[in-house]
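Me: I would be grateful for a close look at a single part of this protein, followed by an account of some elements elsewhere in the chain.

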Amino acid sequence: MPAIVRSNADSTPQKRRLRSDAAAAQDSQPSIPVKWKSPRRCTSASPNCPSNRAAIDSSENPGKSPLKKSPDRFIPNSKWSPVDTEQMRAVKEALHVSTAPSTIVCREDEQRRVLEFCKVCMEQEKAGSLYICGCPGTGKSLSMEKVKQLLVDWAKEVGHQQPDVLSINCTSLAKTSDIFSKILGDAQRRKKANGSTTSALQQLQNVYSQNPLSSAKKMMLIIADELDYLITKDRAVLHDLFLLTTLPFSRCILIGIANAIDLADRFLPRLQSLNCKPMVVTFRAYDKDQILTILQERLLALPYLVFQPQALELCARKVAAASGDMRKALCVCRSAIEVLEAELRKSSSNFNLSTVEKALFEQQTTAADILRKQEIDVVRLDHMVVALSKTYRTPIVDTIQSLPQHQQIVLCSAVKLFHGGKKDTTVGELNKSYMDFCKSTLIPPVGSMELSTICRVLNDQGLLKVGQSRDDKSKRVTLRVDEADITFALQGIRFFRNCFQQFCSKHID
């Protein structure tokens with residue numbers, strides 16, 4: 001076997017060999033020298049590269065245009081700048097209560113039930129009534145707008161005559177009885193005014209008591225929002241409104257929307273005796289996961305990151321625990337953005353450097369500094385805490401904020417233990433979590449006896465529940481307050497905020 005001639009660089013490992021040595025080795029071989037190209041240049045020189053393929057296609061087929069570049073708003077790496085007026089306007093508009101989202105999530109089941117009810121009424125050409133109830137901010141009115149469009153599209157698809165749609169906000173009525181005039185005007189808009197002196201209700205009753213002509217057999221969908229405003233002393237308007245659907249030739253599908261969950265039971269017992277009690281669909285308050293999903297869905301339309309995930313989760317937890325009102329969650333998020341704006345204005349006014357100082361500062365800026373600056377440009381946990389404090393203020397939060405530091409540390413340690421879904425623990429496990437917490441923050445911990453005393457104090461204040469046991473370390477411990485209240489109360493303190501961010505990020509990972 002012929003010996004292999006080695007260069008003077010044999011003592012150097014192969015992976016550390018210099019380019020000049022490798023080039024010399026290639027020159028010594030009896031082969032045609034090949035000019036080296038970078039992989040990036042080789043890729044772009046290939047006809048399979050999308051840009052070059054488009055150029056070849058356009059040269060061969062003059063009528064075919066090359067590939068278009070996607071607009072900047074679809075670039076996922078676009079960075080949000082809070083000082084950009086247009087971007088700030090787009091973010092606030094996306095989170096505004098009056099902005100209807102492109103897709104309505106977390107209310108698919110309720111929309112399906114209402115749509116099926118309307119379809120049955122139209123297929124059977126029979127009148128019907130439905131009552132939608134739920135707390136404010138649960139998506140009732142927004143869902144009905146979606147159902148209205150879906151019903152019209154369905155009628156077109158199956159070949160049914162499209163219904164006339166009348167949407168009424170009862171708060172805009174000067175008198176409660178004016179609702180009958182609006183319905184009558186829509187029902188008889190093709191007819192000339194007959195100058196009758198009878199009331200609008202009587203005319204409607206006459207219209208729905210007579211067999212209409214074939215051309216007038218069109219269904220009417222009536223959506224009466226804020227139905228609570230029609231409640232009068234004798235409740236006659238509500239009774240007469242729903243009784244319209246019981247007339248022999250009635251063609252109306254009545255959907256009433258209100259916040260009172262038991263309105264149908266309290267104010268319409270007479271309808272039940274007539275076997276025409278409306279079908280009831282309840283919109284329950286949004287939970288934490290639903291609020292978080294809706295916020296993320298709205299922000300998905302933006303090509304940049306605006307909120308830290310932990311900040312959105314804190315907002316969803318607090319709003320869900322308080323009311324489940326989605327409108328409140330949107331207002332809190334907009335308020336958090338305004339907190340960030342105020343912080344940036346304050347920092348820019350305090351950050352006045354000379355030209356030389358700025359140049360020196362830019363040279364000394366590291367990757368960690370850039371990452372830290374990117375975190376400054378988004379809505380963080382502390383911004384959300386300030387926004388929530390403007391909206392919610394409870395005695396529990398005040399109590400937690402007024403506790404001594406070690407009692408706050410014990411609560412924070414309990415939140416850390418329960419954050420993964422655990423319901424209870426023991427005093428011994430809580431003591432271990434407390435010791436780890438103090439060790440990581442370089443704070444001298446208290447002894448086990450003092451910790452047991454702290455747990456009893458927190459139990460007396462209604463923040464912890466400590467069970468009975470002969471051994472203090474075996475006593476069961478549970479939280480009596482929501483984790484979001486503890487997080488909210490302590491997030492304003494930088495020491496606790498950093499700790500919450502650490503174990504929240506670990507839990508998310």
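Where is the place of cysteine 106?

Reply: In this predicted model, cysteine 106 is located in the loop that runs between helix H4 (85–94) and helix H5 (108–124). Its relative accessible area is 18%, which falls under the 20% limit, and cysteine 106 is therefore classed as buried. Once the neighbours within four places in sequence are left aside, the residues in contact with cysteine 106 are Tyr286, Gln290, Thr293 and Ile294. Aspartate 287 lies 181 residues from cysteine 106 in sequence, yet the two C-alpha atoms are 10.0 Å apart in space.

The sheet may be described next. Its 5 strands follow the order E2-E3-E4-E1-E5, forming an open sheet with parallel pairing. From one strand to the next, the twist averages 15°. Within this arrangement, strand E3 (residues 220–225) pairs with strand E4 (residues 252–258) in the parallel sense, over 5 bridges. Methionine 220 has cysteine 252, in E4, as its bridge partner.

Finally, helix H19 (residues 405–418) comprises 14 residues and reaches 20 Å from its first C-alpha to its last, close to the 20 Å expected at 1.5 Å a residue. H19 is mostly covered, with 10 of its 14 residues buried. Among them are Gln407, Gln408, Cys412, Ser413 and Phe418.

Technical notes:
Residues are numbered from 1 along each chain as its sequence is written. This is a predicted model: local features need pLDDT of at least 70, side-chain atom pairs count only at pLDDT 80 or more; totals for chains, interfaces and linings use all residues. Side-chain values use heavy atoms; hydrogens and water are left out. Helices (H or I, at least four residues) and strands (E, at least two) are DSSP runs, numbered from the N terminus. The expected span of a helix is 1.5 Å times one less than its number of residues. Buried means under 20% relative accessible area, exposed over 50%, partly exposed in between (1.4 Å probe, protein chains only). Two strands pair if DSSP finds at least two bridges between them. Axes are lines fitted to C-alpha atoms, for helices over the stretch in contact, and angles run from 0 to 180 degrees between N-to-C directions. Contact means heavy atoms within 4.5 Å.
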